[in-house]
Amino acid sequence: MERIDDLQIKGLHIIQDTDLFMFGTDSVLLADFARVKKNTDVLDIGTGTGVICFLLYGRCSSAKYTGIDIQPRAIELAKRSKALNGIDEGIEFICTDLKDFTRKNSYDLVCTNPPYEKLGTGFTGGNEHVMKSRYETASTLFDIISCAARNLKPKGRLCMVYKAERIAELTLALSAHGLELKALRTIQKNAANPPRLILVEAIKGGNCGVKWHAPLIMYDNGGKLTDEMRRIYNGG
């Protein structure tokens, strides 16, 4: 079933289908973390219905955004959301396999909220669309990092959200493709819980040295959203 959701930024809305993978908090946190600058070219790998492109556009409409995804239905909805929001230029959506997508050295920033799970791990229920979004059925972590590396300009940035327990695999994949880990922030449900997710920034051809940000705490001790989470949800 289709529905229209308010993105809580600049009056933008998104069309979603409940039979597909619905975007969650991790995409919202990534869009806040990415810090888009004016007149930059941005690639969103595995864009789905385009939520990260629309959230980034709401923060910086002068940048140019390209969202790619292998699922035709998701790209169809993304294009319809673009029309719904009256966006004529600035965002394009392309249905393609990321392994085939090459605009070499073209992007200042690549964002991705990739599948977190390897095949054969965790719950494997759900339809084909959900499986492709959660599990590495269509592409692996190395495929995704390879796509980012070849399409980034020298000194371009990769920003992604990923599963904390796979940080060792992630750093190996980044290093293998000439991307240097530069910034890292853990995402925690509350101060007492270990992180389940991490926000990562890497630079193509960057120097060694990682900046650790303060943890992003989602809920206070009383179970209420923290001030930072309220700011992010409100598009601040």
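Where is Arg35 found?

Reply: Arg35 is found in the loop between helix 1 and strand 3 (41-45), where helices (H or I, at least four residues) and strands (E, at least two) are DSSP runs numbered from the N terminus. The model is a predicted one, in which local features need pLDDT of at least 70 and side-chain atom pairs count only at pLDDT 80 or more, while totals for chains, interfaces and linings use all residues. Residues are numbered from 1 along each chain as its sequence is written, and side-chain values use heavy atoms, with hydrogens and water left out.

Arg35 follows helix 1, and its phi is positive, at about 55°, although the residue is not a glycine. At 46% relative accessibility, Arg35 counts as partly exposed, a class that lies between buried (under 20% relative accessible area) and exposed (over 50%), as computed with a 1.4 Å probe on protein chains only. Asn39 is placed in the loop between helix 1 and strand 3 as well, and this residue, again not a glycine, has a positive phi of about 60°. With a relative accessibility of 65%, Asn39 counts as exposed.

Part of the surroundings of helix 1 is helix 2. Helix 1 (residues 25-34) and helix 2 (residues 51-59) pack at an angle of about 40°, and their axes are 9 Å apart; the axes are lines fitted to C-alpha atoms over the stretch in contact, and angles run from 0 to 180 degrees between N-to-C directions. Helix 1 and helix 2 are therefore oblique to each other, the class left over once angles under 35 degrees are called roughly parallel, those over 145 roughly antiparallel and those from 65 to 115 roughly perpendicular. The crossing of helix 1 and helix 2 is right-handed, which is to say that the near helix is turned clockwise from the far one by less than a right angle. On the side of helix 1, the contact is made by Ser27, Val28, Leu30, Ala31, Asp32 and Ala34, and on the side of helix 2 by Val51, Ile52, Leu55, Leu56 and Arg59, where contact means heavy atoms within 4.5 Å. The residues of this contact divide into eight nonpolar, one polar and two charged, with Ala, Val, Leu, Ile, Met, Phe, Trp, Tyr, Cys and Pro counted as nonpolar, Asp, Glu, Lys and Arg as charged, and the others, Gly among them, as polar.

Met160 is placed in strand 7 (residues 152-163), and its C-alpha atom is separated by 9.2 Å from that of Ala31, which is 129 residues away along the chain. Leaving aside residues up to four places away in sequence, Met160 touches Leu30, Thr112, Pro114, Leu141, Ile145, Leu170, Ile198, Leu199 and Val200. Met160 is buried, with a relative accessible area of 1%.

Elsewhere in the chain, the charged side chains can be followed through their salt bridges, of which the count comes to 19 when a side-chain nitrogen of Lys or Arg must lie within 4 Å of a carboxyl oxygen of Asp or Glu. In one of them, Glu2 pairs with Arg73, the closest N and O atoms being 2.8 Å apart. Glu2 lies in strand 1 (residues 2-6) and Arg73 in helix 3 (residues 72-84), so this pair ties together parts that are 71 residues apart in sequence. Glu2 is partly exposed, at a relative accessible area of 34%, and Arg73 is partly exposed, at 21%. A further salt bridge joins Glu76 to Arg80 at 3.6 Å between the closest N and O atoms; both residues lie in helix 3, four residues apart, about one turn of the helix. Glu2, Asp17, Arg73, Glu76 and Arg80 are linked in a network of salt bridges. The side chains of Arg166 and Glu169 also meet in a salt bridge, at 3.0 Å from N to O, where Arg166 is buried, with a relative accessible area of 6%, whereas Glu169 is partly exposed, at 27%.
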